[in-house]
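Q: I have a model open on my screen. How should I read its features?
A: Take them one at a time, and keep the picture in view.

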Amino acid sequence: MKTLPPKEIEKELIEALKFTAKVAKQIRKDFEEFEEKRKKIRKELDSGAKRTKGFII
């Protein structure tokens, strides 16, 4: 098995970290959009629901 020189390893690691950061940013964005939609739906449900003895009818 051939090993890469240290500069190549460093270059590969930097590329992998950039990709990981890009994916993490997209996941965070998707999660924030999901949370906004969830809050909006929850607000609509709560405003239209009538509470009776702790139960939503």
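Q: How many salt bridges does the structure hold?
A: Start with the general idea. Side chains of opposite charge can pair when their charged atoms come close. This model is a predicted one. The structure holds one salt bridge.

Q: Which residue forms the salt bridge with Arg38?
A: Glu35 does. The closest N and O atoms of Glu35 and Arg38 are 3.1 Å apart. The cut-off for a salt bridge is 4 Å, so this pair counts.

Q: Is Glu35 buried or exposed?
A: Glu35 has a relative accessible area of 19%, so it is buried. Buried means under 20%. Arg38 has a relative accessible area of 40%, so Arg38 is partly exposed.

Q: How much of the chain is buried?
A: Of the 57 residues in the protein chain, 2% are buried. The accessible surface of the chain comes to about 6000 Å². Carbon and sulfur atoms hold 63% of that surface.

Q: What elements does the protein chain have, and how do they run?
A: The chain has one helix and two strands. Read from the N terminus, the order is α-β-β. Helix 1 covers residues 6-48.

Q: How many aromatic pairs are there?
A: The structure holds one aromatic pair. To read such a pair, look at the ring centres and the ring planes. Here the rings belong to Phe31 and Phe34. Their centres are 6.5 Å apart and their planes are at 35°, so the pair is tilted.

Q: Why are Phe31 and Phe34 separated by about one helical turn?
A: Because they are three residues apart in helix 1. Phe31 has 49% relative accessibility, so it counts as partly exposed. Phe34 is partly exposed too, at 48%.

Q: Which residues make the nonpolar surface patch?
A: Leu4, Ile9 and Leu13 make the patch, which is about 270 Å². Take Ile9 as an example. Ile9 lies in helix 1. Its relative accessible area is 39%, so Ile9 is partly exposed.

Q: Which element has the lowest mean pLDDT?
A: Strand 1, residues 51-52, has the lowest mean pLDDT among the elements, at 55. Helix 1 has the highest, at 92. For the protein chain, the mean pLDDT is 85. Of its residues, 81% reach 70 or more.

Technical notes:
Residues are numbered from 1 along each chain as its sequence is written. This is a predicted model: local features need pLDDT of at least 70, side-chain atom pairs count only at pLDDT 80 or more; totals for chains, interfaces and linings use all residues. Side-chain values use heavy atoms; hydrogens and water are left out. Helices (H or I, at least four residues) and strands (E, at least two) are DSSP runs, numbered from the N terminus. Buried means under 20% relative accessible area, exposed over 50%, partly exposed in between (1.4 Å probe, protein chains only). Accessible areas come from the Shrake-Rupley method with a 1.4 Å probe; for residues, only the protein chains shown count as cover. Patches are made of residues with over 30% relative accessible area and no salt bridge: like charges are joined within 9 Å, nonpolar side chains (Val, Leu, Ile, Met, Phe, Trp, Tyr) within 5 Å. A salt bridge is a side-chain nitrogen of Lys or Arg within 4 Å of a carboxyl oxygen of Asp or Glu. Rings of Phe, Tyr and Trp (its six-membered ring) pair if their centres lie within 6.5 Å; planes under 30 degrees apart count as stacked, over 60 as edge-to-face and the rest as tilted. pLDDT is the predictor's confidence in each residue, from 0 to 100.
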